[in-house]
Amino acid sequence: MYFKKVSLIVCILFISASIFTIHNASASGGFEDISLKHEANEEINNLVVNKSGFPDVAVGRKFSGYVEQQQFSIFKSEKELPVQDVAVLDTSQVIGLVSSTTDGLNIRKSKDSSSKANIVGTINKGGKLSVYAVEGDWLKVSYNDALAYVYKTYAQFLDADGNALGNIEKQVTTTQSINSYVKPTSSSKVISTVNSKVKLPVYNTVNGYYLTVINGVPGYIVADSTEDVKVEKPSTPNPTQTPPTVSGDLLGRVTVDNLNIRKEANSTSTVLCKLKKGEYVQVNSINGYWAQVTYNDQKGYVHKSYLKILNQSGNPLKDRIIIIDPGHGGKDPGTVVGTIAEKNIALKVSTLVTQKLEAAGAKVLMTRTGDTYPTREGRVDFTHANYGEIFVSIHVNYAANTSAQGTETFYAKTPGDMHQEDIDLATFVNNQIVKNVNMNNRKVRKGNFIVIANTNIPAILVELGFLSNSEDRAKLTDDQYIEQFAESIYKGILEYYSKQ
Ligand SMILES: [Zn+2]
């Protein structure tokens with residue numbers, strides 16, 4: 001329910017008698033929930049009163065002031081006249097706030113985009129609207145004190161403070177049935193209820209509440225009624241590709257502690273000895289995920305994911321298996337400003353990065369090469385199935401505050417992982433972009449995005465710049481700058497592999 005129902009009486013018998021006006025004022029006892037702009041106003045103004053015993057509403061004159069709700073009910077009960085129900089906006093029923101992601105977004109009286117007749121107004125990019133309900137592809141919003149509709153695709157939900165949601169920090173699972181609230185307090189309106197054991201993303205933590213999104217609508221849930229989803233390292237994946245065999249002048253630097261050297265190339269084989277983080281081994285050959293190494297004159301096998309493979313001759317990128325992940329795609333445009341979509345910028349930059357890496361001899365695989373939408377989990381699986389050695393996801397940022405600008409690069413810290421490798425890769429790439437494209441440095445940050453938290457290799461997510469900022473946007477839509485973004489990412493990766 002989103003309305004209060006107010007019964008109005010329309011009397012057609014005494015149309016020529018008196019007319020009164022009801023104001024949207026806050027006088028005590030006044031009929032203050034009806035605004036002059038309200039669609040019922042006309043009917044109220046034409047309401048004719050011909051009844052003694054209404055001290056405030058004299059017969060035969062225009063009433064300018066306030067009408068008591070009680071008077072209406074007396075009038076209604078004593079006069080058997082046609083009654084019309086009129087919906088009055090009840091702002092306590094607002095479930096959220098959206099901002100338009102495009103200029104000239106039509107606001108319509110009905111959920112029909114086929115005609116112009118129902119357009120009651122438009123709103124420009126960044127304009128905000130209160131939302132009362134999500135109805136299919138439409139959002140029911142308030143506009144000029146009446147309910148109206150906008151197309152959902154061009155509106156972005158904001159948090160309770162009116163800011164963009166930002167990035168997913170982690171995933172949690174509900175431990176009991178819980179409510180999602182409009183604000184981070186249980187005294188605010190309940191948007192929806194979620195069952196126990198439901199996995200939800202967390203965008204922010206506010207006073208013991210997590211900001212999450214349920215059925216496309218942001219809301220706040222009690223943090224204590226959830227538990228963190230443990231980020232599991234994939235065990236030996238089930239590769240679908242033909243394992244690449246690489247041999248040559250290779251060194252491996254161990255990126256985790258207690259790395260097993262095994263007698264055979266499988267995870268159940270006898271452990272010959274253990275390696276410490278930072279130790280080097282001679283890599284004789286690589287077959288799929290297994291590297292045959294020589295250590296203390298002894299030959300054995302280690303899992304390739306826990307070695308940084310270092311070419312000792314030729315280009316540092318030669319034969320390295322690099323996964324490039326253009327963010328979003330297909331049905332998921334990512335951030336949109338006007339006709340500019342994040343997915344297209346991400347693909348452009350990613351394609352150029354791939355070409356540069358390939359020219360240097362790397363083996364590069366893109367999670368998408370066209371306007372398609374691989375799921376985030378699918379991108380992780382793709383990385384493992386292709387024996388990826390590093391993972392680079394490319395995105396574009398958005399903030400409600402248009403002054404936010406610059407480049408930031410995320411890595412995910414997962415227990416016992418090759419943390420320093422992530423930071424190295426993120427730092428090299430981030431700093432190359434900042435330097436070459438002259439971007440504001442928002443630095444390297446921790447962020448548990450699904451694609452980087454679930455890959456068991458050094459993995460980063462680059463936010464090139466803010467589409468919401470005019471300076472950044474000018475660069476992100478200029479092909480010469482796009483080339484520089486790509487060149488910088490390439491150089492950052494080269495720097496990572498050049499570091500022994
Ligand atoms: Zn993105």
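Select helices H5 and H8 in this predicted model: H5 passes H8 in a right-handed crossing. H5 covers residues 419-436 and H8 residues 479-498, and their axes come within 8 Å, crossing at roughly 145 degrees. To see the contact, show side chains on both helices: H5 contributes residues including Leu425, Phe428, Val429 and Ile433, while H8 contributes, among them, Phe485, Ile489, Ile493 and Tyr496. The residues of this contact divide into eight nonpolar, five polar and four charged.

Next, centre on Ile489. Apart from neighbours within four places in sequence, Ile489 is in contact with Val353, Val392, Val429, Ile433 and Val462. Ile489 is also one of three residues, with Ile452 and Ile460, that touch the most other members of the largest nonpolar core, a set of 58 residues. H8 gives the most to this core, with eight residues. For a second, separate core, select Phe157, Ile191, Val202 and Tyr209, which are among its 31 residues.

Now colour the open sheet of six strands, ordered S30-S27-S31-S34-S32-S33 with mixed pairing. Direction ignored, neighbouring strands are turned by 20 degrees against each other on average.

Inside the sheet, pick S32 (residues 407-411) and S34 (residues 459-466), an antiparallel pair with four bridges. Thr409 stands opposite Val462 in S34.

H3 (residues 342-359) lies across S27, S30, S31 and S34, at about 145 degrees to S31. H5 lies across S31, S32, S33 and S34, and runs at about 170 degrees to S32.

Key
Residues numbered from 1 in each chain as written. Predicted model: local features only at pLDDT ≥ 70, side-chain atom pairs only at ≥ 80, totals over all residues. Axes fitted to C-alpha atoms, helices over the stretch in contact; angles between N-to-C directions. Helix = DSSP H or I, 4+ residues; strand = E, 2+ residues; numbered from the N terminus. Left-handed = near helix turned anticlockwise from the far one by under 90°. Contact = placed C-beta atoms within 7 Å. Nonpolar A, V, L, I, M, F, W, Y, C, P; charged D, E, K, R; others polar. Core = buried A, V, L, I, M, F, W, Y, C linked by C-beta atoms within 7 Å. Buried ≥ 20, exposed ≤ 12 C-beta atoms within 10 Å, placed from the backbone. Pairing = 2+ DSSP bridges.
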